Amino acid sequence: MNFRRLPALALVLLLCALPRTGQATLPVAVAEAPALWLGAVRALPLILASLSPGPSRAVGWPAFGRLENGVLARSTTGLFIRSRQAWGTAETVAGLRGIAQEIATLYPGRGDLIVTDISRMDGGHLNPHRTHQNGRDVDVLLYALGDLPRARDLKDLDVERTWAFLMALRRDGMADLVLADMGIQQKLYTYAKKSLELPQAELEALFQYPRGRKIKGTFLQHAKGHRTHMHIRFASPQAVAASALEDARRGVERVAHIVVGRKETLATVAAQYGTTPESIVSENRLGPRTQLRRGQRLFVLKPLPQAQVNAGHPPEDAQGG
Ligand SMILES: [Zn+2]
């Protein structure tokens with residue numbers, strides 16, 4: 001029994017019991033306060049999620065995915081969560097918390113790490129992002145020098161603290177990738193080279209800067225629109241494996257199918273992968289009479305040959321901002 005969840009459980013039970021006993025037993029002021037009930041109903045998904053059992057699952061890909069059993073990130077020492085779309089895998093949220101606290105201890109009295117978006121409670125598309133779909137992508141504002149809460153301009157960037165933060169993320173492979181504008185990279189690169197005297201090979205593994213083209217595998221990569229924030233892709237290996245294992249347990253391999261033409265229907269897509277239209281409808285939470293449209297992306301659960309069942313197939317990763 002998890003006692004921290006008892007208050008939430010009590011509220012859920014109370015709400016369930018209301019239609020039968022509410023009018024008779026609750027004080028009039030409480031029973032007739034619509035705002036209170038509206039608030040309770042709105043909070044219900046959060047309460048239910050806090051009770052949700054099982055490990056987090058990062059389903060699919062960052063640019064086409066879903067989050068199951070996600071955890072809501074909350075503000076704490078050194079961490080300020082600015083968005084309501086702050087659901088991540090358990091590893092993402094725990095990692096973020098741990099690192100923000102570590103940096104706050106190293107640099108006391110400075111501004112918090114400000115998190116804008118992570119994912120929606122169930123993941124999926126989150127405006128205006130292309131990724132952020134399976135609880136592994138986190139947008140953070142830039143640590144600033146002095147008393148500023150955030151660096152809106154490169155001259156205010158707290159390079160030393162940002163460097164410490166990035167190295168903590170890289171340690172133990174917590175993050176795969178950080179998207180940051182070339183301007184941010186240039187300041188960090190200069191600091192690493194001149195002040196820390198990092199060897200050239202290490203600089204090259206860390207930075208896309210000063211090379212213009214994208215270098216696959218570098219930790220810091222340039223992406224448009226990342227001048228005043230950075231985008232972190234957490235590795236979250238347990239949540240990725242949990243999703244792949246769940247697919248393997250069901251004897252399927254998850255494929256992302258893009259609808260190309262009008263001739264494609266649920267039946268033709270299903271036939272192409274040896275599955276059923278019902279499986280596609282249920283996996284994509286579509287209506288029974290959904291007409292596919294061009295460019296629509298679908299999860300298809302392709303049956304595995306019997307020998308491969310239980311082997312597990314971690315999905316490939318997509319990038320993006
Ligand atoms: Zn982002």
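At what angle do helix H5 (residues 159-170) and helix H6 (residues 182-195) pack, and how far apart are their axes? This is a predicted model, in which local features need pLDDT of at least 70 and side-chain atom pairs count only at pLDDT 80 or more, while totals for chains, interfaces and linings use all residues. Residues are numbered from 1 along each chain as its sequence is written.

The two helices, H5 and H6, pack at an angle of about 85°, with their axes 10 Å apart, where axes are lines fitted to C-alpha atoms over the stretch in contact and angles run from 0 to 180 degrees between N-to-C directions. H5 is therefore roughly perpendicular to H6, a term for angles of 65 to 115 degrees. Val 159, Thr 162 and Trp 163 of H5 meet Lys 187, Leu 188, Tyr 191 and Ala 192 of H6, contact being C-beta atoms, placed from the backbone, within 7 Å.

Strand S8 (residues 175-179) is mostly covered, with 4 of its 5 residues buried, that is, with 20 or more other C-beta atoms within 10 Å of their own. Its pairings, which require at least two DSSP bridges between the strands, are these:

| Partner of S8 | Sense | Bridges | Example |
|---|---|---|---|
| S10 (residues 229-234) | antiparallel | 4 bridges | Ala 175 with Phe 234 |
| S9 (residues 220-221) | parallel | 2 bridges | Leu 179 with Gln 221 |

As for confidence, the protein averages a pLDDT of 85, on a scale from 0 to 100 for each residue. Among the elements, helix H1 (residues 6-25) has the lowest mean pLDDT (49) and strand S5 (residues 87-88) the highest (98). Where pLDDT is low, the predicted coordinates should not be read in detail.

Note on methods: Angles under 35 degrees count as roughly parallel, over 145 as roughly antiparallel, 65 to 115 as roughly perpendicular and the rest as oblique. Two residues are in contact if their C-beta atoms, placed from the backbone, lie within 7 Å. pLDDT is the predictor's confidence in each residue, from 0 to 100. A residue is buried if 20 or more other C-beta atoms lie within 10 Å of its own, exposed if 12 or fewer, and partly exposed in between; C-beta atoms are placed from the backbone.
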